[in-house]
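Please look at the sequence and the structure below.

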Amino acid sequence: MRDDEHDVEYAVSVRDVSKNYGDVEALKDLSLDFPRGQLTSILGPSGCGKTTLLKIIAGLLSPTSGEVEVNGKTVTGPGPDRAFVFQDFALLPWASVIRNVAFGLELRGVAKSERESIAQKYIKNVGLSGFENSFPHELSGGMRQRVGLARALSVDAQVLLMDEPFSAVDEQTRRKFQEDLLSLVQQESKTFIFVTHSIEEAVFVSDQIAILLPRPSRVSEIIKPTGIRNKGTDNIRRDPEYLDIVDRIWASLRSYVE
Amino acid sequence: MKVLGYRLPGMSSLLLWGLLWEIVGRLDVTFFIPPLSEVFQTLFSIIGTPAFVKAISETAYAFVVGVTSAIVIGVPVGILMGKSRLLDELLLPWVNIFLSAPLTALVPVLMVLFGFGMKSIIIITTLFAVWIIILNSRAGVMQINRSLVEMAHCFGASPMDAFTKIYFWAALPEILGGVRIGVIRGVKGVIIGQLLISIVGFGALFELYSANFLMGHFWAVLIVLFALAFTISEFLAYLERRVGYYASKR
């Protein structure tokens with residue numbers, strides 16, 4: 001299985017996944033592949049099952065039918081090969097920044113001194129040096145999400161699952177985050193799966209955009225904005241291709257927005 | 001409060017009430033109310049007497065053992081009820097019934113079951129304290145942020161880890177609130193138990209003093225009890241405030 005072409009190229013494969021909540025079909029026969037080392041966005045109007053799909057990949061929800069493979073292994077629950085970044089940060093409010101960042105390692109039984117030195121490194125990476133002993137309520141929303149990101153990075157999972165990670169921070173912080181995310185994707189050889197409802201954000205950060213349409217959700221289109229990827233963060237937003245893709249996506253989504 | 005520009009320390013109004021007590025006592029209105037100064041004199045003279053030391057140590061023992069068992073039983077049961085729908089359905093009606101029930105009425109039954117001694121008093125104390133602790137721990141767990149639970153699950157927390165590292169801490173502000181009220185109810189339990197059984201601790205003292213119309217002694221013991229209960233409750237309220245910083249941000 002190891003040298004199978006699929007396993008080399010795709011870090012995560014979703015095959016014919018359906019998810020029903022009672023009579024409601026949230027996802028129907030959804031298949032989608034996530035190339036290794038790249039960032040794939042899942043974009044769609046609210047209620048289209050983006051987060052459901054992400055939680056199925058995370059192993060937090062089990063699909064009604066179909067399966068998800070991560071590195072060729074079928075997902076049966078959460079695992080150390082995946083880390084999750086939460087929309088509402090999900091930080092322990094009673095724990096300091098460093099304990100929060102090291103919490104994933106703490107749960108894996110890594111010794112305190114070792115996990116704190118790893119946490120220290122990622123706290124520095126996300127630009128929170130000096131805040132190690134602060135508590136989440138003392139930080140701004142953007143800084144809290146940096147803690148959430150550092151926590152996900154410090155467990156060194158190959159796949160990073162991000163559930164609308166920037167939706168709870170202000171617009172300026174959000175732009176900074178998006179730029180940081182681009183360099184993060186380049187530095188770390190990880191596969192990023194990024195759920196968002198912002199078209200501009202998806203086009204700005206993604207190597208591949210999967211557009212989900214609702215009720216029941218399926219992948220309607222896959223867009224690869226390859227032409228704008230190497231133009232530098234300063235130029236992307238005024239690149240004609242960027243603007244074209246944003247327009248095209250809006251055209252296909254607008255009829256689904258209430 | 002400020003009087004003539006001076007900031008009065010908390011509870012300074014007690015001085016006024018103490019003065020009123022003293023005056024009423026001096027006026028000799030009723031034997032039932034001796035002057036406050038006399039009560040305090042009696043208080044200092046009986047503190048340290050073997051009868052008083054015995055009473056207070058017996059009460060403290062029953063109280064500590066009773067309340068500790070209420071916490072040790074109540075907190076995990078409450079957390080488990082908050083986590084498990086089945087357990088909740090099974091136990092919640094009983095918890096609610098016992099919470100509002102006049103437990104004093106159970107004391108005679110408990111005396112028959114467990115004898116006229118320390119054991120009954122401890123059980124009564126536990127019964128008074130445990131229900132509100134269960135209910136509050138349960139409420140603390142039920143309002144936990146779902147994504148904290150998912151986060152722990154995602155990063156591979158075992159059920160034990162989730163219990164000790166997430167549920168307990170997330171519910172801690174409510175748990176402490178429950179323990180504070182539980183402790184106050186425990187004070188009632190231990191005194192009511194002793195009064196009804198009335199051969200141990202303060203129950204025996206009360207019996208002795210009131211039967212002999214020693215009102216000074218009676219009030220002195222009462223003041224000690226009130227002060228103890230109030231101090232314990234304030235201490236727990238202080239602990240509660242220390243975790244309050246995250247109570248609204250889970």
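A:Asp163 stands opposite A:Val195 in β8(A). The strands concerned are β7 (residues 159-163) and β8 (residues 191-196) of chain A, which run parallel and are joined by five bridges. Helices and strands are DSSP runs numbered from the N terminus (helices: H or I, at least four residues; strands: E, at least two). Two strands pair if DSSP finds at least two bridges between them. Strands of a sheet pair through backbone hydrogen bonds, either parallel or antiparallel.

The model is predicted: local features need pLDDT of at least 70, side-chain atom pairs count only at pLDDT 80 or more, and totals for chains, interfaces and linings use all residues. Residues are numbered from 1 along each chain as its sequence is written, and chains are lettered from A and ligands numbered from 1 in the order in which they are written.

β7 and β8 belong to an open sheet of six strands in chain A, with the order β6-β7-β8-β3-β9-β10 and mixed pairing. β6 (82-85) and β10 (218-223) of chain A each have a single partner strand, so one side of each is left without a neighbour in the sheet. On average, neighbouring strands here are turned by 20 degrees against each other, direction ignored. Axes are lines fitted to C-alpha atoms, for helices over the stretch in contact, and angles run from 0 to 180 degrees between N-to-C directions.

Chain A also has an open sheet of four strands, in the order β2-β1-β4-β5, with antiparallel pairing. Residues are in contact if their C-beta atoms, placed from the backbone, lie within 7 Å.

How is chain A divided into domains? The assignment gives domain 1 (5-81 + 163-256) and domain 2 (92-156); such bounds come from an automatic or database domain assignment. The centres of the two domains of chain A, taken over C-alpha atoms, are 25 Å apart. Five residues of domain 1 of chain A are in contact with four residues of domain 2 of chain A.

Chain B has ten helices and two strands. Helix α1 (residues 13-26) and helix α2 (residues 36-46) of chain B pack at an angle of about 100 degrees, with their axes 7 Å apart. That makes α1(B) roughly perpendicular to α2(B), a term for angles of 65 to 115 degrees (under 35 is roughly parallel, over 145 roughly antiparallel, the rest oblique). α1(B) contributes B:Gly18, B:Trp21, B:Glu22 and B:Gly25 to the contact, and α2(B) contributes B:Leu36, B:Ser37 and B:Glu38.

The contact between the chains takes 15 residues from chain B and 16 residues from chain A. On the side of chain B, the elements giving two or more residues are α7 (146-154) and α8 (159-197). α7(B) gives the most, with six residues.

Note on methods. Contact = placed C-beta atoms within 7 Å.
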